[in-house]
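Please walk me through this structure, from its overall layout down to a few individual residues. Keep it short and say where each piece sits.

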Amino acid sequence: MSAAMTQASSQAMSHAATDKRCDVSVKDVEISFGRHVVLEKLSLDIAQSEFIVLLGPSGCGKSTLLNAISGLLDVNAGQIWIGGRNVTWEEPKDRGIAMVFQSYALYPRMSVRENMSFGLRVAGMPANEIQKRVADAATMLKITELLDRKPSQLSGGQRQRVAIGRALVRDAGVYLFDEPLSNLDAQLRAELRVEIKRLHQRLRATMIYVTHDQIEALTLADRIAVMKDRVIQQLDTPQKIYREPVNRFVASFVGSPAMNFMPGRVERGATGATFSLGDLSIPIQGYPFKSPGLTGAAVLGIRPEHVLSGAEAGPNAFNAQVEMAEPMGADTLVWCRTPSGASFSVRVDSGPSIAPGDTLPVSFPVGTLSLFEEGPDGRRL
Amino acid sequence: MVAMVEPTGPRPRPLTPARIGLYAFLFISALFFLVPLYVMIVTSLKTMPEIRLGNLLALPSAPSIEAWVKAWSSACTGLTCNGISVGFFNSVKILVPSVIVSIAVGSLTGYALSFWRVPVAGILFGALMTVAFVPYQIFIYPLVRIFASAGISNSLPAIVIIHTIFGLPTMTLLFRNYFASLPIELFKAARVDGAGFFRIFWSVMLPMATPMLIVAVILQVTGIWNDFILGLVFAGRENLPMTVQLNNIVNSTQGERTYNVDMAATLLTALVPLVVYFASGRWFVRGIAAGAVKG
Ligand SMILES: Nc1ncnc2c1ncn2[C@@H]1O[C@H](COP(=O)(O)OP(=O)(O)OP(=O)(O)O)[C@@H](O)[C@H]1O
Ligand SMILES: [Mg+2]
């Protein structure tokens, strides 16, 4: 019966989202604080009902961009469009958005019910309509029994639910989340992550979600925008970002444990393209080079889970020296060295024990490795 | 061998010389403030013949509140002899609107300066703080002239405006600093919710500022109640505050000095700040506890 109720309320909630256009466009936006430029000619087009995650290291301007979209921050140049309307000069309340903050930002002196209904009361909505919307949102988030409590009487997870509920009652077409789960412990985070994903599937609203947790990004997003140094480095599906990072920054920022990088040279011989790592020659025939025929110094990147080891390693295997093993539950991260001394890690099943000093046959399959230009920010070749 | 004692429970606090010195100091300071109060209370309860005996610390042989009654209702303040009650009600008339208006204005400016990007907020705040350090006697003459030309000199509105102006720097500073310590996301959330300048102030910020409101009330009530010179200059003859009346009673030199009446009048005048301190203590602590943003 409660499932039926949830269904009904979700239909009521999603009404506006399917009615209105609520795509978001950020056009050449520039924002600076004094002389400190935070965003530089940033453009981002978000389709209706899309779930976009803004991912990046601390201080890269994720919150700044979100505040600009919400209207809490004026842009120095450029435009913000929401639902086909230029809202650059409009107040937050007129943009058809709702926002969830990292620190919950619940009004401490108001009960949960008052918190959730504040925006509606400000807008002068009739009391019975407010009542209905709050009840619907509370059912959806399973916080009905908390409605008369004060925020100080709630746990962290409950507070975040209330904060999401406060956004939900606004029945907006666009939801903005600024690191909503980063104050919660790992288990609760996983739980609410699933709930947010479910919410998105129900409401079909556009969602823009800021995080620096790559698991959240990979699990939630339709597309991820990886940001660094005032610009978006890559905007793509989680699959593409994970498989084909456009540069070493994206490659190292996304994925855990981190991708291995080994400097060497791309060479072309009788057997096709190879990557030489000291004396070692790794066949890379078939690698989709952006500029075919390229040779010279490069960096090979491969994720620990993509390195083949043991019996799977195949004919191209070479023997690596095991230095250390980190058990991680289901699998073990084994740190190895190539014959030429380059260090890398391999993810293996936790079955047979591997001890330091062992040799482990490994290979780098061409289908999953990436090649980058030299240097810490080298672009994908 | 020293007997080893297994440490459990509260740590023992040996009575060191430093500790004895500290207690002695606290005790003497307490005496220093309490003895004059004691003398005033016992004197106010004595009759004049008993006072003339000169036994300052002795308890009254037959305590009487006659002097209190006289001080309240029939002591002479200059030419009229209606007691200090007139001054009391004048002070209340000045106090209530002044406290309300000054706190209202101060909290609003503090809020505006901390949350809204007023173009010249920095300069404004700096100016306000500088003015706070200028001795206010300097402003008196110009303000008298301004009020005279505005036609509101020597009136209740004049003294209320004066107290609001002179309370503004402290009140603004108090509230600005408090609001600046609140998470900015609360303000952002309220803006997304569509609330405007006054709505955010009234519905979100002010309810959270309860501890500051109590501090502000204590500061303003004691400050305004104890004021002498501003009341004398700006309030006008009909509204002279209690402090001025007290001065008139104590300094009117007709015949013998009635010490018991003077003491009673002084205590009556001091009553309001005293009550405020005693009553607010509990509220103060409660207000601070309730003000915790993250529970
Ligand atoms: N009000 C401000 N005044 C000056 N500089 C600011 C202001 N707000 C942010 N910045 C600067 O802008 C940059 C981007 O800040 P922003 O808050 O957008 O980072 P973020 O990506 O959200 O980081 P985090 O993941 O830590 O939240 C930072 O270098 C920060 O120092
Ligand atoms: Mg941020």
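Strands here are DSSP runs of at least two residues, and they are numbered from the N terminus. With that in hand, take A:Arg230. This residue lies in the loop of chain A between strand E9 (223-228) and strand E10 (231-236). The model is predicted. In it, the phi of A:Arg230 is near 70°, a positive value in a residue other than glycine. A:Arg230 counts as partly exposed because its relative accessibility is 36%, and that class runs between the cut-offs of 20% and 50%.

A:Arg204 sits in the loop that links helix H6 (186-203) to strand E8 (206-211) of chain A. With a relative accessibility of 36%, A:Arg204 is also classed as partly exposed.

Now step back to the domains. Chain A is assigned domain 1 (3-243) and domain 2 (258-372). The C-alpha centres of these two domains of chain A are 41 Å apart. Chain B is assigned domain 1 (18-64) and a domain 2 made of two segments, 85-250 + 267-290. In chain B, the C-alpha centres of domain 1 and domain 2 are 35 Å apart.

Next, a cis peptide bond in chain A. The bond joins A:Ser256 and A:Pro257, with omega at about -5°. A:Pro257 belongs to the loop between helix H9 (248-253) and strand E11 (260-269) of chain A. What does A:Met328 touch, leaving aside its neighbours within four places in sequence? Its partners are A:Pro257, A:Leu333 and A:Arg347. A:Met328 itself is part of strand E16 (residues 318-328) of chain A. Its relative accessibility is 36%, so A:Met328 counts as partly exposed. A:Ser370 is 42 residues from A:Met328 along the chain, and their C-alpha atoms are separated by 25 Å.

Where do the two chains meet? The contact involves 27 residues from chain A and 21 residues from chain B. Together the chains bury about 2200 Å², with 56% of that area on carbon and sulfur atoms. How many salt bridges cross the interface of chain B and chain A? The rule finds 2. In one salt bridge, the side chains of A:Arg170 and B:Asp193 meet at 3.7 Å, N to O.

Helix H8 (184-192) and helix H9 (197-208) of chain B each supply at least two residues to the side that touches chain A. H8(B) gives the most, with 7 residues. By type, the residues on this side of chain B divide into 10 nonpolar, 5 polar and 6 charged.

One last stop is B:Ser155. This serine is found in the loop between helix H6 (137-150) and helix H7 (156-180) of chain B. Is B:Ser155 buried or exposed? It is buried, because its relative accessible area is 16%, and buried means under 20%. Beyond its neighbours within four places in sequence, B:Ser155 is in contact with B:Phe234, B:Ala235, B:Gly236 and B:Asn239.

Notes:
Residues are numbered from 1 along each chain as its sequence is written. Chains are lettered from A and ligands numbered from 1 in the order in which they are written. This is a predicted model: local features need pLDDT of at least 70, side-chain atom pairs count only at pLDDT 80 or more; totals for chains, interfaces and linings use all residues. Side-chain values use heavy atoms; hydrogens and water are left out. Helices (H or I, at least four residues) and strands (E, at least two) are DSSP runs, numbered from the N terminus. Buried means under 20% relative accessible area, exposed over 50%, partly exposed in between (1.4 Å probe, protein chains only). Contact means heavy atoms within 4.5 Å. Buried area is the accessible area (1.4 Å probe) that two parts lose on being put together, summed over both. A salt bridge is a side-chain nitrogen of Lys or Arg within 4 Å of a carboxyl oxygen of Asp or Glu. Ala, Val, Leu, Ile, Met, Phe, Trp, Tyr, Cys and Pro count as nonpolar, Asp, Glu, Lys and Arg as charged, and the others, Gly among them, as polar. Domain bounds come from an automatic or database domain assignment.
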